[in-house]
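Keep the structure open while reading.

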Amino acid sequence: MASLVWTTPTSSSASSLFSRCSLTQRNFVAGRSLAPNAVRCELTEPVNGKPCVPIISEQTLPKFLQSRRLEDALTRNSNTRLKIFSGLSNSALSQEIAWYMGLDLGKIHIKRFADGEIYVQLQESVRGCDVYLVQPTCPPANENLMELLVMIDACRRASAKNITAVIPYFGYARADRKTQGRESIAAKLVANLITEAGADRVLACDLHSGQSMGYFDIPVDHVYCQPVILDYLASKKICSNDLVVVSPDVGGVARARAFAKKLSDAPLAIVDKRRQGHNVAEVMNLIGDVKGKVAVMVDDMIDTAGTIAKGAALLHEEGAREVYACSTHAVFSPPAVERLSSGLFQEVIVTNTIPVMEKNYFPQLTVLSVANLLGETIWRVHDDCSVSSIFQ
């Protein structure tokens, strides 16, 4: 492991949400390695080509995330009626959320029978409790979705008072409308399944389109991960006059415009493309000026990276000095890693809503944690406080 330099945060850095740390530190965060007076771990370069994962401590949180709950979380741990359970798809993120909240993950037994069927048993009482189930429906989407449904059913039959499905990545979100005749709208179907299974509320991160919230007949809290990426980009100390935010397609213009507004009101550029089939994109034209600028491409997810890679190639052709790729969900279906590590990008910035497998590491990759945002959102939902004020 590379040597790390530990420094106490100064007043100027106290507003930073995140500090940087080696990925190998990640599994030691939840409840063990960070003392109440934890300091920041600063690492300027990736370790052995692995991504850097920022870690949160109370001292590095901005004021809007500091609350009395953080001070007395440990004393409330023994008598709280709030319980968090984790599925198998992203247990590391669940541990980080639990650490932020000062709680222990609930005990649950999940296994698969020889024929592939899923078995779930809660190993502690949830009667009368507010239960939060953390389970992104990332690949393999069908297995993880079914696991979530069975977890919800187990909690409902165990007399939980309220069940909230915390879905950092909502699978099937792209199937949100009919673009051709005789197509299904799978996003609505999945919403119905989660509702009928017994969930009382859904908490999701950066849905592919806002209309997906309307597919649920239960309340949906939409967590925007933009503050996480924006805070990290602010630490890059790039001159605001050199920045341009780029939408990789016309459908993401609203997302890119909101991102640019918060990034020193940077100018906007749009990549016009023609999609010939699913997961196949062809770049046609660039709307906007990127010559001599640092281009920041913003999208909600990176799947095969075809759209964003061809867009980056066009930006370089148009004279962009550097290209950064920013995305919330790192799906990374083949051949995404080959395209992203081909030298087109100065850095690829994603979050840990989906766990990044070790085989998908490459030197330009940086993974940011959304555990604090999710943890704070869960507390606010539990305490009947405003969630939208987090992002204002």
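Glu 124 is partly exposed, because its relative accessibility is 25%. This is a predicted model. Glu 124 pairs with Lys 83 in a salt bridge, with the closest N and O atoms 3.0 Å apart. Glu 124 sits in the loop between β5 (118-122) and β6 (130-134), and Lys 83 in strand β3 (residues 82-86), so the bridge ties together parts 41 residues apart in sequence.

A search of the whole structure finds 13 salt bridges. Three of them are listed here, including the pair above.

| Salt bridge | N to O distance |
|---|---|
| Glu 124 – Lys 83 | 3.0 Å |
| Arg 174 – Asp 303 | 2.9 Å |
| Arg 321 – Asp 242 | 3.7 Å |

Arg 174 and Asp 303 form a salt bridge. The pair links distant parts of the chain, 129 residues apart: Arg 174 is in the loop between β7 and α5, Asp 303 in the loop between β13 (294-302) and α8 (306-317). Arg 174 is partly exposed at 39% relative accessibility. Asp 303 is buried, at 12%.

Arg 321 and Asp 242 also meet in a salt bridge. Arg 321 lies in the loop between α8 and β14 (322-330), Asp 242 in the loop between α6 (226-234) and β10 (243-247), and 79 residues separate them. Arg 321 is partly exposed, at 46%. Asp 242 is partly exposed as well, at 25%.

Salt bridges also link Arg 112, Glu 143 and Glu 147 in a network.

Where does Asp 176 lie? Its place is the loop between β7 (162-167) and α5 (186-197). Asp 176 counts as buried because its relative accessibility is 2%. Among the residues it touches are His 208, Gln 211 and Tyr 215.

Methods. Residues are numbered from 1 along each chain as its sequence is written. This is a predicted model: local features need pLDDT of at least 70, side-chain atom pairs count only at pLDDT 80 or more; totals for chains, interfaces and linings use all residues. Side-chain values use heavy atoms; hydrogens and water are left out. Helices (H or I, at least four residues) and strands (E, at least two) are DSSP runs, numbered from the N terminus. Buried means under 20% relative accessible area, exposed over 50%, partly exposed in between (1.4 Å probe, protein chains only). Contact means heavy atoms within 4.5 Å. A salt bridge is a side-chain nitrogen of Lys or Arg within 4 Å of a carboxyl oxygen of Asp or Glu. Lists of a residue's contacts leave out its neighbours within four places in sequence.
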